[in-house]
Amino acid sequence: MSSQRATAFVPGHVTAFFSAHPADDPAVAGSRGAGVTLADGVTVRVSAADVAADGATGDAAAADAAAAAATADSGSRTIDGDRGSIGAVEDVLADLNATGADVAVETDLPIGAGFGVSGAAALGAALAANAAFDRGRSENDLVRTAHAAEVGRGTGLGDVVAQARGGVPVRLEPGAPGVGELDGVPASARVEYVTFDELSTEEVLGGDTTALSAAGEAALDRLRADPRLPTLMDAARGFARDADLLVPEVAEAVDAVDAAGGEAAMAMLGRTVFALGTGLSDAGYEPRACRVDAAGARLVDDRDRG
Ligand SMILES: Nc1ncnc2c1ncn2[C@@H]1O[C@H](COP(=O)(O)OP(=O)(O)OP(=O)(O)O)[C@@H](O)[C@H]1O
Ligand SMILES: CC(C)(CO)[C@@H](O)C(=O)[O-]
């Protein structure tokens, strides 16, 4: 019996460095690399359209009506309360026969600025729709669905598998569960971040990624030899420089943090700088701050998240 509504939380993910590995099969396509998941993330609420309207949690007839509504053409879509949709989320809902559901995406993170919001929204929609409509999929299956949707839309390669894991994920082999392979840097930290503007993931991934990927592989070799946070940050700085992705505002902030004795790097793919500890505050910026997310993507009780 389905509950007809469910809520999932998925951490943000900043990629420190990556290499791109396209493939025809979206479960095989992905990226190698490493990054940091954030306790700041994306909450996705999925509910059958009539349940959202009526607040009914009701009897078997109501459940049948709700299940039917879930597969209707399209329910409402909001991002932070305004009408809006994310392509990868739509593909996930289609895969789960849940296009008729109402889907509310909520996040304090900026979209398109290197926090993997589209991947998080896709994974959150998969977890919540599966629970709301009792689709009976396993976690790996849902991560695969969200990964394929994200890769298919060109909005990310490795965010979904990283967000499913939490912590400081290292993507050793590209692809969805069953294909890719993950490790992690066993560390927790406070992370500060400042965003200057968006950077289109679709544009960068759609261009020539040969040089970028060579730089990403070199950075991964360094981190594998010394899986510690300072090495991740140093490898990230080398990657941004060698892959020619550094933008002036970010370069200036990274230098300022370095001059103040801290560790910072550029978040891929956004005009965003992230730092460990109080790196950005110490350098005179007014950053947002959170911890590394410890748990990875998860269903949450509606009451826990207002
Ligand atoms: N307000 C918005 N600003 C930017 N993109 C939006 C917005 N609303 C919906 N979208 C959609 O969300 C997706 C954003 O994907 P994109 O990969 O650029 O960002 P991201 O996942 O937040 O970050 P990144 O991949 O840089 O880590 C796009 O498919 C875009 O069409
Ligand atoms: C391509 C990417 C940098 C976009 O955020 C990310 O998905 C990754 O690391 O694969």
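This is a predicted model: local features need pLDDT of at least 70, side-chain atom pairs count only at pLDDT 80 or more; totals for chains, interfaces and linings use all residues.
1. Four strands form an open sheet in the order E9-E10-E8-E11, and their pairing is antiparallel. Strand E9 (264–267) and strand E11 (288–291) are at the edges; each has a single partner strand, so one side of each is left without a neighbour in the sheet. From one strand to the next the twist averages 30°.

2. Pairing of E8 with E10. Strand E8 (residues 190–197) and strand E10 (residues 271–276) run antiparallel and are joined by six bridges. Threonine 195 has threonine 272 of E10 as its bridge partner, and valine 191 stands opposite leucine 276 in E10.

3. Pairing of E9 with E10. Four bridges connect E9 and E10, again in the antiparallel sense. The two strands make a hairpin, with three residues between them. Alanine 264 is found opposite alanine 275 of E10. Helix H9 (residues 229–242) lies across both E9 and E10, and the helix runs at about 55° to E9.

4. Burial of E10. Is E10 enclosed or open to the outside? Six of the six residues of E10 are buried, so this strand is largely enclosed by the rest of the structure. In a regular strand the side chains alternate between the two faces of the sheet. In E10 both faces are covered: one side carries Arg271, Val273 and Ala275, the other carries Thr272, Phe274 and Leu276, and all are buried.

5. The nonpolar core. The largest nonpolar core has 92 residues. The members that touch the most others are Ala121, Ala122, Leu123, Ala125, Ala129 and Val273. Helix H4 supplies the largest share of this core, 12 residues. In soluble globular proteins, nonpolar side chains tend to be buried together.

6. Helix H3. Which residues of helix H3 (residues 87–95) are buried? They are Ala88, Val89, Asp91, Val92, Leu93 and Asp95. These buried residues pack against strand E5 (102–107), H4 and helix H5 (139–153). Just after H3, asparagine 97 has a positive phi of about 55°.

7. Ligand 1. The shell around ligand 1 has 19 residues, and those that come nearest are Gly112, Val117, Ser118, Thr155 and Thr201. Helix H4 (residues 117–132) gives the largest share of the shell, three residues. By class, this shell has six nonpolar, 12 polar and one charged residues.

8. Ligand 2. Around ligand 2 there are 13 residues, of which Thr15, Ser31, Gly156, Leu157 and Gly158 are the closest. Strand E1 (5–21), strand E2 (30–47) and helix H7 (201–206) are the elements that give two or more residues to this shell. By class, the shell is made up of five nonpolar, seven polar and one charged residues.

Definitions and conventions
Residues are numbered from 1 along each chain as its sequence is written. Chains are lettered from A and ligands numbered from 1 in the order in which they are written. Two strands pair if DSSP finds at least two bridges between them. Axes are lines fitted to C-alpha atoms, for helices over the stretch in contact, and angles run from 0 to 180 degrees between N-to-C directions. Two residues are in contact if their C-beta atoms, placed from the backbone, lie within 7 Å. A residue is near a molecule or strand if its C-beta atom, placed from the backbone, lies within 6 Å of it. Ala, Val, Leu, Ile, Met, Phe, Trp, Tyr, Cys and Pro count as nonpolar, Asp, Glu, Lys and Arg as charged, and the others, Gly among them, as polar. A residue is buried if 20 or more other C-beta atoms lie within 10 Å of its own, exposed if 12 or fewer, and partly exposed in between; C-beta atoms are placed from the backbone. A nonpolar core is a set of buried Ala, Val, Leu, Ile, Met, Phe, Trp, Tyr and Cys residues joined through C-beta atoms within 7 Å.
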